[in-house]
Structure formats: C-alpha cells, structure tokens
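Have the structure open while you read.

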Amino acid sequence: MRITFFASKNYDKDSFNKIKAEYPELELEYWETELSAKTASYVTDSEAICAFVSADVSEKVLKVLSERGVKLVLMRCAGFNNVDLDAATKYGIKVMRVPGYSPEAVAELAMTLAMSVNRHIHKAYIRVRENNYSLQGLTGVDLYKKTAGIVGTGKIGAAMARICHGFGMNVIAYDMYHNPDLPLVKYVEMDGLLATSDLISLHCPLMDSTYHMINKETIEKMKDGVIFINTSRGGLVDTDDLIEGIRKHKFFGVGLDVYEEETDNVFENHEDDIMMHSTTARLLSFPNVIVTSHQGFFTAEALTAISRVTLDNAAAYLKGETAGTELN
Ligand code: NAI
C-alpha cells in the first residue's frame, strides 16, 4: 500500500525512513505540500494519505480524496479537530491517529513556557548577549507552594500535573473525568480553578464544547498576575479577549505554543515576508508573552513514537485488524 505524506519535512522523512524497512508492505511517498482540496486531487495510486495538525481534512477534501481512491487517512498526531469524521465515514474513509506519543514532551514544553515567562528568559538571553547584565524588570515568582490549575487531566495534563507537583506546587484540576492515577491532584470546578490558580495550563482537546473556553468572562474570573499557558489548541482561547486581558495587566505572563491564527505560519519560515495578521502581530508585541510554533510534540522520542504508531496503524489496516487508534 502506498501512503502519500502531506506537509512532510526532513525530520518526518528521517524518522519514518529509519523504520520503513520493517514494513515491506508499505511504500512511503513524501510531499512537502500541505493537504487541501487542490493538492488532494493530485493523489494517484495511494490508498492512504498521512496528514498533520494543520492539514485541511474537511468534507470537501475528503470527497476529493475518496474520488482519488483514498480509503485511509493516517493522522500523525493526537488532535483531530481538523478532521470531519462524519464526512470521512460518509465517503468510506477510515481515519486513524497517534493517540499518545510522548505526553511528557508536550507537558515539558508547557512548563518550559511557564518558567520562561516567569523568569523572563526570552529577555535575559538577549540582554546578556548585548553585554547588558542588568536585572531590572526580570523579577519572577517562586512556583514552590503556588497553585497550578490543570484543565484536562488526560495523558498530557497528567504529565503536567506530575511536573507541577515536582516543583512543590499545590495541584488542582478541572476535568469531567477524574484520573485515578493522579491521587496528588485535587479536582475542583472550573470557576474555582480560575479563581485560585497562579498557573493555568490547558490540556483538553478542541471541540465545539471547548471552543473559546478562555474568553472575556473566564479571564475576568482568573487571579490577577496569573501565568497562562496553552499548548493544546489555539481555538480554546478567544485571542482578542486574551489580548484585552494582557492589555489590562491581568497576566504575569502568557506562553502559547498554539494560537488561533497559526495555520498560515506553522512549521514554515516566513522571515522575509510582511506579517499580514494583525492579531498575531499584536500578540508578539507584548513583553510578557512568549509564542512558539506548535513544537510541544517535537522531541526525538516523540518523533520516533509517531512514526512507529503511524506505520503500525497502516499495517493493521492492511491486515484488516483493529489497532485501537481508529477515529471512525
Ligand atoms: P487526552 O484525550 O488524553 O486528554 C484530554 C482530557 O481533556 C480528557 O481527560 C478529557 O476528559 C478532558 N476534557 C475534555 N473536555 C474538557 C473540558 N471541557 N474541560 C476540561 N477537560 C476536558 O488528550 P492528551 O493526549 O492529553 O492531549 C490533549 C491535547 O493536547 C490534544 O487534544 C491536542 O489538542 C494537544 N496536543 C498538543 C501538542 C503540541 O504539539 N502542542 C501535541 C499533542 C497534543
């Protein structure tokens, strides 16, 4: 079975090629272009395609893929908010994903962002390089004995809870399902979490019910001087409301690995381009905000696990077996 990869980078090719020989039944074809209705129409002789977080896997694209003979969409990521699962089912396309490749990778980035905005590492790094050793404006806060509020205690949220606990923080969480593996976490209602947390980190999926869960109203309920981190999905946060909150000095710091307008930027080098998106430009203008480009997943261990599970998914599909990673 041939698999056409969309938006593949050298690091994707390297990690998949390392294990390809173990799957003689699979042929891998790497395309740099992103998946869209137009690029989908170029697929030839591939029963499967492989896509990533910023791919357009809408009904329109799935229809074209089905006309090109595609029967399997392999998402090489955990989140699937960009996939129209009902449409995939309608067109007879199976969708599989990589549910958890390295939850620690994402949680460790969440804490990296929290500590970076807290201790102003983004400023300190540049200052010292400029021969400026002043500490003015670099005051942080101890996280020890402060309260961490984790929203969503699945695989990544649980890893973040353990990290926060390791920092000596009091860890509270909101999730409809209480994770029995987290006895050190105290579950509270969302309003209570917003009102008492010194650090809030989002780890729930983007769905209709979680879209813009962080908005004017929920930001107002947060403690003044909170550190807010989103490594989950941009759509969880109403960016305009976040910007308004930042302008009102609500936040000590904000760390975003994901943001609503990331799709046109993510994983590409635009250094010679004029930035057209004014919301992104505004976000980047604040001294207490750090934005990274969806790199939570980006560790050697995670890349290895992503390629392994993706090819195992394809192999299971070919054998007619269930892998447990099917989404429809
Ligand atoms: P998971 O499925 O293990 O856990 C998600 C948890 O969120 C579940 O416990 C669920 O009950 C909870 N949840 C659902 N709705 C909620 C709500 N309204 N409020 C609070 N909790 C709610 O997922 P996992 O693996 O922990 O991943 C979480 C998210 O992280 C993914 O959906 C994805 O969007 C994001 N992610 C980001 C990456 C990055 O590179 N920045 C990489 C991988 C995932």
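What follows covers a sheet, the helix across it and the cavities, all taken from a predicted model.

## The sheet

Let's start with the strands. Five of them form an open sheet in the order S2-S1-S3-S4-S5, and the pairing is parallel. Strand S2 (27–30) and strand S5 (94–96) sit at the edges, each with pairing on one side only. From one strand to the next, the twist averages 20°.

If you zoom in on S4 (residues 72–75), you'll find that this strand pairs with S5 in the parallel sense over three bridges. Leucine 74 has methionine 96 in S5 as its bridge partner.

## The helix across it

Now for helix H12, which spans residues 300–319. This helix lies across S1 (2–5), S2, S3 (48–51), S4 and S5, and runs at about 160° to S4.

## Cavities

How many cavities of 30 Å³ or more does the structure hold? There are two. The largest cavity has about 50 Å³ of space. Its lining is made up of Asn230, Gly234, Val237, Thr239, Leu242, Leu256, Val258, Tyr259, Glu260 and Leu283. By class, that's six nonpolar, three polar and one charged residues.

The second largest cavity has about 30 Å³ of space. Asp12, Phe52, Arg76, Phe297, Leu303 and Ile306 line that one.

Conventions. Residues numbered from 1 in each chain as written. Predicted model: local features only at pLDDT ≥ 70, side-chain atom pairs only at ≥ 80, totals over all residues. Heavy atoms only, no water. 1 Å grid on protein atoms, 1.4 Å probe; cavity = no way out; pocket = protein on both sides within 12 Å on 5 of 7 lines; lining within 4 Å. Points joined across faces, edges and corners; volume = space filled by probe spheres on them. Nonpolar A, V, L, I, M, F, W, Y, C, P; charged D, E, K, R; others polar. Pairing = 2+ DSSP bridges. Helix = DSSP H or I, 4+ residues; strand = E, 2+ residues; numbered from the N terminus. Axes fitted to C-alpha atoms, helices over the stretch in contact; angles between N-to-C directions. Contact = heavy atoms within 4.5 Å.
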